[in-house]
Amino acid sequence: LFNTYTPAEIKVMKGKNPTRKDFIATKDILDDYNNGVIGPGHCDNKSTIANINNNTQVQELVVYPNPMSNYGTLNFVASENANTTVEIYNLVGARVDVLFNDYVESGSKTSLSIDATKYSKGMYIIYIRNGSSVYKEKLSVIN
């Protein structure tokens, strides 16, 4: 995107232009990364991930191995009694997979298998929606 378009060209694009939407999705991901919402985070909070709605935290979130080449595991402990979805998005904001969609209880551990052979090499964002809470974590696929 950045090699093809200038900021001025994007600025004049209107509404639901797909290229403009790609830039906005990329901007949001870069902003989340720069603010420590996704990515390595800060040294003092590597074992938790921030809730982007209200800054509460999941008690445990582990994606292993990361980077991933074939198969891996996602473990998390939900913060709410609620329906929970776990989805994987590419960096342009397109959903590529739904790993989980079910009710979970607060404090219960959920373990999911990830088949990374289904994804192209690159970076992805895992979204965990647990009731009113939304969590994000990065996933690097190196197959």
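The conversation below sets terms against their definitions.

Tutor: This is a predicted model, in which local features need pLDDT of at least 70 and side-chain atom pairs count only at pLDDT 80 or more, while totals for chains, interfaces and linings use all residues. Residues are numbered from 1 along each chain as its sequence is written, and side-chain values use heavy atoms, with hydrogens and water left out.

Student: How many aromatic pairs does a search of the whole structure find?

Tutor: The search finds two. Rings of Phe, Tyr and Trp (its six-membered ring) pair if their centres lie within 6.5 Å; planes under 30 degrees apart count as stacked, over 60 as edge-to-face and the rest as tilted.

Student: What makes the pair of Y89 and Y127 edge-to-face?

Tutor: The ring centres of Y89 and Y127 are 5.0 Å apart and the planes stand at 80 degrees, so the pair is edge-to-face.

Student: Which parts does this pair tie together?

Tutor: Y89 belongs to strand β3 (residues 82-90) and Y127 to strand β6 (residues 122-130), so the pair ties together parts that are 38 residues apart in sequence. Strands (E, at least two residues) are DSSP runs, as are helices (H or I, at least four), numbered from the N terminus.

Student: Why is the pair of Y119 and Y124 called tilted?

Tutor: The centres of the Y119 and Y124 rings are 5.5 Å apart and their planes lie at 45 degrees, so this pair is tilted.

Student: Why does K136 count as buried?

Tutor: Buried means under 20% relative accessible area, exposed over 50%, and partly exposed in between (1.4 Å probe, protein chains only). K136 has 7% relative accessibility, and therefore counts as buried. K136 is found in strand β7 (residues 133-141). Y89 and Y127 are both buried, and Y119 and Y124 are buried too.

Student: What makes β4 and β7 edge strands?

Tutor: Two strands pair if DSSP finds at least two bridges between them. An open sheet of four strands has the order β4-β3-β6-β7, with antiparallel pairing. Within it, β4 (95-104) and β7 each pair on one side only, and these are the edge strands.

Student: How many bridges join β6 to β7?

Tutor: Nine bridges join β6 to β7, which run antiparallel. R129 stands opposite V134 in β7.

Student: In what sense do β2 and β5 pair?

Tutor: Strand β2 (residues 71-77) pairs with β5 in the antiparallel sense, over seven bridges. T73 stands opposite S113 in β5.
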